[in-house]
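I opened a new notebook page for this chain. Come along as I look things up one by one.

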Amino acid sequence: MIRKLNQKSDTFQDPTVQSEMLKQQFQDWLAVHCAYVPDIPIKDLVVFSGPSTFVDFSNITSNQEQKIVRGPQIKKRIMGTFDQYPTCVTNKQTLKLLSQQLMKSHHPKKIDLISSGMVKPGDLLKGVRCPHCGYIPMQRMNRNWKCPSCSQTSPKAYLDAFRDYCLIKGPKITNKQCRDFFFID
Ligand SMILES: [Zn+2]
């Protein structure tokens, strides 16, 4: 697959091969974790959601073509699978157990943007950002946060800074790192 954007071309793996691989991995996962689930049909599709995406079908097989869907067609394609599989192979109780097992097995990928070199330490703007004017850093004053630029206060402004820190550095912070990031003693 080739993406042409801003006069630049990037090559990616065939997304239909990737979707087949994910389908196989999901089947393997089901066999290991959910032996109680009967053989359920699994359909793999590649969806191009951007309305302006041009898909050139001239050099692909009919198998690949059947797997590629453009955003607006997705509902029609999903509804079509009901006609393809008219018999119910499982029940609500099994589906509930399966969804619980899926949620339990989900491990979000942890990325430390600084250690991985994607963000340089010098690029990081430390401090609590003012929710009223965007100024950074706010100052900690009497159990509150005050903006030196617009003078507004916001006792909960630090929560967004914690969320930002979590996204950049991960879900753990030490006392020292917290003081350093928030400019507090
Ligand atoms: Zn402000």
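Predicted model: local features only at pLDDT ≥ 70, side-chain atom pairs only at ≥ 80, totals over all residues.

**Entry 1: Confidence**

The mean pLDDT of the protein chain is 89, and 100% of its residues reach 70 or more.

**Entry 2: The whole chain**

I counted the secondary structure next and found 6 helices and 6 strands. In sequence order, they give the pattern β-β-α-β-α-β-α-α-β-β-α-α. The radius of gyration is 24 Å, well over the 16 Å that the globule rule gives for 185 residues, so the chain is more spread out than a compact globule. I also noted the box filled by the C-alpha atoms along the principal axes, roughly 65 × 50 × 30 Å.

How much of the chain is buried? I found that buried residues make up 6% of the 185 residues. For contacts with a separation of 6 or more, I noted that 40% come from residues 24 or more positions apart.

**Entry 3: Two domains**

I looked up the domain assignment, and it gives domain 1 (2-105) and domain 2 (121-182). How far apart do the C-alpha centres of domain 1 and domain 2 lie? I have 41 Å in my notes for that.

Two residue pairs went on this page as well. Arg 129 and Cys 34 are 95 residues apart in sequence, and their C-alpha atoms are 46 Å apart in space. Thr 11 and Gln 152 are 141 residues apart in sequence and 49 Å apart in space, again C-alpha to C-alpha.

I turned to Thr 90, whose place is in the loop between helix H3 (74-84) and H4. Thr 90 and Val 37 are 53 residues apart in sequence, yet their C-alpha atoms are 7.5 Å apart in space. Leaving aside neighbours within four places in sequence, I listed the contacts of Thr 90 as Val 37, Pro 38, Ile 40 and Leu 95. Thr 90 is partly exposed, because 14 other C-beta atoms lie within 10 Å.

Thr 11 lies in strand E2 (residues 8-11). With 7 other C-beta atoms within 10 Å, Thr 11 is exposed.

**Entry 4: The core and Cys 147**

Which residues make up the largest nonpolar core? I wrote down 8 residues in all: Val 128, Cys 130, Met 138, Trp 145, Cys 147, Ala 157, Ala 161 and Phe 181.

Not counting residues up to four places away in sequence, Cys 147 touches Cys 130, His 132, Cys 133, Tyr 135, Met 138 and Gln 152.

**Entry 5: Arg 129**

Is Arg 129 buried or exposed? I found 20 C-beta neighbours inside 10 Å, and 20 or more is the mark for buried, so Arg 129 counts as buried. Arg 129 lies in the loop between H4 and E5. Beyond the residues within four places in sequence, Arg 129 is in contact with Gly 134, Ile 136, Asp 160 and Ala 161.

- A cis peptide bond joins Ile 136 and Pro 137, with omega about 5°. Pro 137 sits in the loop between helix H4 (92-105) and strand E5 (139-141).
- Asn 6 has a positive phi, near 50°, and is not a glycine. I placed Asn 6 in the loop between strand E1 (2-5) and E2, and Asn 6 is exposed, with 4 other C-beta atoms within 10 Å.
- Phe 183 is not a glycine either, and its phi is positive at about 55°. I found Phe 183 in the segment after helix H6 (175-182), and Phe 183 counts as partly exposed, with 14 C-beta neighbours inside 10 Å.

**Entry 6: Helix H5**

I finished with helix H5 (residues 158-169), which has 12 residues. From first C-alpha to last, H5 reaches 16 Å, close to the 16 Å expected at 1.5 Å a residue. Gly 170 follows H5, and the phi of Gly 170 is positive, near 110°.

Definitions and conventions: Residues numbered from 1 in each chain as written. Helix = DSSP H or I, 4+ residues; strand = E, 2+ residues; numbered from the N terminus. Buried ≥ 20, exposed ≤ 12 C-beta atoms within 10 Å, placed from the backbone. Expected span 1.5 Å × (residues − 1). Core = buried A, V, L, I, M, F, W, Y, C linked by C-beta atoms within 7 Å. Contact = placed C-beta atoms within 7 Å. Rg over C-alpha atoms; globule rule 2.2 N^0.38 Å. Domains from an automatic or database assignment. pLDDT = per-residue confidence, 0-100.
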